[in-house]
Amino acid sequence: MSWIKQSLVFAGIAVLCALGTYLVHGEYDRRVPCVQSELEKYEVCLTTVLDEWGGNVVWVDARADEEKKVKIESALEISEASADEDLGKGEVAMTLFNAKGKGKKIVVFCQTDSCGSSKYVRDKIIGIFFSEENQDTLLYLHGGWKAIESDGRLLGK
Amino acid sequence: MFRKLLEILMIYSLCSAVAMSAEFTFDTKLKEVTTRPDVELVRVPFEFQNNTDEEITIVNYDAPCSCMEARMVRPDKKNSLVFAPGEKGTVIGMLEFGTFKGTIDKVIKIRTDKDKGEEPSIVLTCRVTIPVLIATSQESLRWKMRDKLEPKVFSIKVADESETPINIVEHKHGFGASDVFDYKIETVKEGREYKVTVTPLKTTEPTMAYVKFYTDSKIPRYKMVQIFLFVEHAKK
């Protein structure tokens, strides 16, 4: 068998494998992968928030202003650069206080996993609103806005 | 045929392993910087060199936070992201912090043509500290429902590293706090230390309030400090 024939056979097998994968698994899943066992403490998957908790949380948007081209309308806005000022706003502070009182979960997100802003904003909220108890109701989102955007269910809400 | 295929696969794996190990050499991948209190823009440079015997190309470099921009410069002034063996470069993190104060970590990610994984192999961390020149001794004061109406005290201190005094020039309640809390501010040392005594007027229902203290600092990030006041449900 010549090398051309061998190459064609391999190419054919690759195409068949790709087709089989598409038929079994469907289209390429663009959602941000989230593995429960790999999460850090207080980190949560978007699927947990939406599918298990029905999205019944207070969202905190920790992105910088220039990153907020699309928003979750109900989200509180607390950016890293002006966290003290944002936390001192009436609606923001009162919503966090009421959520804590009712034991409602609060989920902070920033642009990506590695921006670090959601952890910082979470720590600021903890420092002011939470004493040592109930800290596990305040979480940050794995994948940040990328996860929300690729999932799509929260967009326009 | 299969023996040949196996040989090709082995050679490919070996080449991949060698290629994966080819990376730039950085003096450090974590830089800690303490800034002046009035800083607006912080530059954190990371110098590197291609100490391998292969050419390395930077495919992309990025700071995944909008408060930081990454720039690449070369001492040879070439406008190229291809680094031949021995060539040097500098990645500069440019950080803007608004009214932020305290310590924060921000990263720059660099992907080269040798990277095979999903995540870039080079992650540089800028750890920036902006001095806190004025702060309250605690961020909140708490009472439980049905607690006695006993006062609590906190202080506002100006750090020794502040070259000039910072005076409290105005203060006010928020969220109708005047109905629930009373407070008194006393000067311990003008422009350096203040003592504030807060007394709840009632603890019959859960309440939140704040008191904001405005200063005469010329630097925006030190113009205001605040404390939150809570009457909370007693622990069940």
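A: Chain A contains six helices and five strands, where helices (H or I, at least four residues) and strands (E, at least two) are DSSP runs numbered from the N terminus. The model is a predicted one, in which local features require pLDDT of at least 70 and side-chain atom pairs count only at pLDDT 80 or more, while totals for chains, interfaces and linings use all residues. Residues are numbered from 1 along each chain as its sequence is written, and chains are lettered from A and ligands numbered from 1 in the order in which they are written.

Read from the N terminus, the elements of chain A follow the order α-β-α-β-β-α-α-β-α-β-α. The radius of gyration, taken over C-alpha atoms, is compared here with a globule rule of 2.2 Å times the number of residues to the power 0.38. For the 157 residues of chain A that rule gives 15 Å, whereas the value for the chain is 21 Å, well over it, so chain A is more spread out than a compact globule. The C-alpha trace of chain A spans about 75 × 30 × 25 Å along its principal axes.

The domain division of chain A comes next. Its bounds come from an automatic or database domain assignment, which divides chain A into domain 1 (1-30) and domain 2 (36-151). Taken over C-alpha atoms, the centres of these two domains of chain A are separated by 43 Å.

The five strands of chain A form an open sheet with parallel pairing, in the order β1-β5-β4-β2-β3; two strands are said to pair if DSSP finds at least two bridges between them. At the edges of this sheet are β1 (43-44) and β3 (76-77) of chain A, each of which pairs on one side only. Within the sheet, strand β2 (residues 58-61) of chain A pairs with strand β4 (residues 106-109) of chain A in the parallel sense over four bridges. Strands of a sheet pair through backbone hydrogen bonds, either parallel or antiparallel.

Buried residues of α5(A) are Ser117(A), Ser118(A), Tyr120(A), Val121(A), Arg122(A), Lys124(A), Ile125(A), Ile128(A) and Phe129(A). A residue is buried if 20 or more other C-beta atoms, placed from the backbone, lie within 10 Å of its own, exposed if 12 or fewer, and partly exposed in between. Across the 157 residues of chain A, 34% are buried.

One backbone detail of chain A deserves attention. Most residues other than glycine have a negative phi. Tyr42(A), however, has a positive phi near 70° although it is not a glycine. Tyr42(A) lies in the loop between α1 (3-25) and β1 of chain A, and it counts as partly exposed because it has 16 C-beta neighbours inside 10 Å.

Contacts complete the picture of chain A: two residues are in contact if their C-beta atoms, placed from the backbone, lie within 7 Å. Of the contacts in chain A between residues at least 6 apart in sequence, 64% join residues at least 24 apart. In chain B, 69% of the contacts with a separation of 6 or more are between residues 24 or more positions apart.

Chain B holds one helix and 17 strands, and 28% of its 236 residues count as buried. Between the chains, 24 residues of chain B are in contact with 24 residues of chain A. On the side of chain B that touches chain A, the elements giving two or more residues are β8 (102-112), β11 (140-144), β16 (207-215) and β17 (224-232) of chain B. The largest share of that side, five residues, comes from β8(B). By residue class, the side of chain B that touches chain A divides into twelve nonpolar, six polar and six charged residues. In this classification Ala, Val, Leu, Ile, Met, Phe, Trp, Tyr, Cys and Pro count as nonpolar, Asp, Glu, Lys and Arg as charged, and the others, Gly among them, as polar.
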